[in-house]
Amino acid sequence: MAEKKKLAEYNRKRNFSETPEPEGRVGRTRRSGLHFVIQKHAASSLHFDFRLELDGVMKSWAVPKGPSLDSAVKRLAIQVEDHPIDYNTFEGTIPEGEYGGGTVMLWDRGSYTAADDATDPVAELRNGYASGELSFVLHGERLHGAWALIRTRRGAQKQQQWLLVKRRDDDAEPGADVVAEYETSVATGRTMEEIAAGAGERTVRKRATGKRASSKRASSDRAAPKRATSKRVSGKRAASKRPASKR
Ligand code: MN
């Protein structure tokens, strides 16, 4: 795909005078230190957006049920349009009526690599993506170890279906419900309700353009308590606590 067309679909779908999401600009192609991010998104239906950096953009999949640590569980992952790398720090609320309207939480983030000790990890990832069997290792704050995305339906249709699976390794956990265990933002410690209400908002790391900074955000930065977000809530299974902001 031509460089300038990479994020054309992302940009076409959004009205940047209405949405706080970043405009799509293709980043540089990195050979190492590739990032991944998972965003919990209470849009018309709740899902988790799984994004892997490759060739200057975030390859993206919408995973309705989110990731599972149980390697026997295969989670449907619907490929969506590439997102800009700048999206990796986006947390907030997309206005109702806009594309993807609803609350977005940064659920996990970190770096990822090709699964094997490949001499050229980026080539390995490109090949895996192109062939529909993408194996990779996550070094996140919540998710770790070997994972795979396996394409189950290819063809001309825009939205291709994949399966997200945890490979068997020491980080696999049969029966675990990691989505229920972590209910707060990995970046700000906020719940979906708090993000929707704009409560305790802290500026998340982003490019130094200051484009979306507001005085409201700046003042609440100081008031926001810093909470530990990386530890798993032991024994907590608050699956019934659904975001009030779900649209
Ligand atoms: Mn989404």
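## Helix, strands and manganese site of a predicted model

In helix α2 (residues 121–131), the buried residues are V122, L125, G128 and Y129; buried denotes under 20% relative accessible area, exposed over 50%, and partly exposed in between, with a 1.4 Å probe and protein chains only. Viewed along the axis of α2, these buried residues fall within an arc of 125°, so they line one face of the helix. The arc is taken from the directions that run from the helix axis to the C-beta atoms. An α-helix has 3.6 residues a turn, so residues three or four places apart point the same way. After α2 comes G132, with a positive phi near 85°.

The model is predicted: local features need pLDDT of at least 70, side-chain atom pairs count only at pLDDT 80 or more, and totals for chains, interfaces and linings use all residues. Residues are numbered from 1 along each chain as its sequence is written, and side-chain values use heavy atoms, with hydrogens and water left out.

Helices (H or I, at least four residues) and strands (E, at least two) are DSSP runs numbered from the N terminus, and two strands pair if DSSP finds at least two bridges between them. The table lists two such pairings.

| Strands | Sense | Bridges |
|---|---|---|
| β7 (residues 133–140) and β8 (residues 144–153) | antiparallel | 7 bridges |
| β8 and β9 (residues 161–166) | antiparallel | 6 bridges |

A hairpin of 3 residues connects β7 to β8. F136 stands opposite W147 in β8, while R153 has Q161 in β9 as its bridge partner.

F136 also belongs to the largest nonpolar core, which has 34 residues; F50, L52, F136 and L149 have the most contacts inside it. Strand β2 supplies the largest share of this core, 5 residues. Another core, of 7 residues, lies apart from it and includes L7, Y10, Y87 and I94. A nonpolar core is a set of buried Ala, Val, Leu, Ile, Met, Phe, Trp, Tyr and Cys residues joined through side-chain atoms within 4.5 Å.

D55 lies in the loop between β2 (46–54) and β3 (57–63). The phi of D55 is positive, near 55°, in a residue other than glycine.

The manganese ion is coordinated by H41 (ND1), H47 (NE2) and D49 (OD), at 2.1 to 2.3 Å. Along the chain, these donors follow the spacing H-x5-H-x1-D. Donors are N, O and S atoms within 2.8 Å of the metal (3.2 Å for Na, K and Ca); water is not among the atoms, so sites may look incomplete. H41 counts as buried because its relative accessibility is 7%, and D49 is buried with a relative accessible area of 6%.
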